[in-house]
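Please study the sequence and the structure, then work through each solution in order.

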Amino acid sequence: MFPAFVSMELTNKCNFRCTHCYKEAEKTNHLFLDTKLALEIMEQLSGKVYSLDLTGGEATLHPDFSEIAKAAKVGRLCLLTNGSRLSAMSDETLECFDLVQISVYGNTAKTYENFARSSLFESVCRGIQRVVSSGIECVISIQLRADVIKNIYDYVGLLGKLGVKNIRFGISQRIGRNKNNSLYDWDTSFDDFDYFMNEFQSIKAKYPEMMFTVPSWEDIGEVELGEKPVSRIVCSAGTRSVVISEKGGVRPCVYMPAKHFEKISWPEYFDGIENGQIFDFNRCIPECVEELEKEGSNILSICKNGFL
């Protein structure tokens, strides 16, 4: 079965250095998905997948980003970006996309400097306005952390002024740069979440024209490991959806560490699919579990509801 959803990580380079980044992307990284391979993948995906995400790092930093985007022939092409380079993107390239999701890390220049290590807050705002005015579906992604929740009215108010109609709230995983992050707290406590949900009702009433997606406490709260060892992925990751990294490897989900789960290249994976064979990513779990246990963690730190 061919996956319906594919994410293509074009690079591990980013012009931000977010303190929670699962991929630990930053300016000094330099890996880019080979353009020839990317174009071959686009041809192989043509007519076979419903949705393709171009992401990174910051996907727009790929030197052949426009060529790759224009080569896509899928049901729905989505760009996942920090938004800082959108105002300078050509109309021809922007119009390749059915949806642009922009991650917002602060509501002021200062919060961007603190949490994204970036001075490009104004550029992000201009990028949001550019997408909104283009008529392309624009979705804003906001990770809930304590200071975001405290200032949630300011966040939504700012985005409303920029013309945003769709906001997705999410949570940060304790992986990547956020694994041992004690200086910048991206965690959400029960009290934080309870406060958010109470305020959220007022926000919905104040902005009836906006669409909101919120996580449940089950997505945020602590989950205890059962007595039996974790042995399988229970969501659609690795079957209905896969990720192609900048190295050309395949893993089930962006949050599953490449070190443990990226055990097959795209050409190998594609050949297997063509011959009716689906790579079993469950075989990667024991190695990941062992290393996380040595670190005093467990596999549910990657995804609280994705394993059993």
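**Exercise 1.** In which loop is Arg117 found?

*Solution.* This is a predicted model, in which local features need pLDDT of at least 70, side-chain atom pairs count only at pLDDT 80 or more, and totals for chains, interfaces and linings use all residues. Residues are numbered from 1 along each chain as its sequence is written, and side-chain values use heavy atoms, with hydrogens and water left out. Helices (H or I, at least four residues) and strands (E, at least two) are DSSP runs numbered from the N terminus. Arg117 is found in the loop between helix 4 (109-115) and helix 5 (121-134). Phi of Arg117 is near 55°, a positive value in a residue other than glycine.

**Exercise 2.** Determine the place and the accessibility of Glu24.

*Solution.* Begin with the loop between strand 1 (5-9) and helix 1 (35-45), where Glu24 lies. Its phi is positive, about 55°, although Glu24 is not a glycine. Buried means under 20% relative accessible area, exposed over 50%, and partly exposed in between (1.4 Å probe, protein chains only). Glu24 has 42% relative accessibility and so counts as partly exposed.

**Exercise 3.** Identify the residues that a cis peptide bond joins.

*Solution.* The bond joins Gly56 and Gly57, with omega about 15°. Gly57 belongs to the loop between strand 2 (51-55) and helix 2 (65-70).

**Exercise 4.** Describe the protein chain as a whole.

*Solution.* Count the elements: there are twelve helices and ten strands. Next, buried residues make up 53% of the 308 residues. Finally, the C-alpha trace spans about 55 × 50 × 35 Å along its principal axes.
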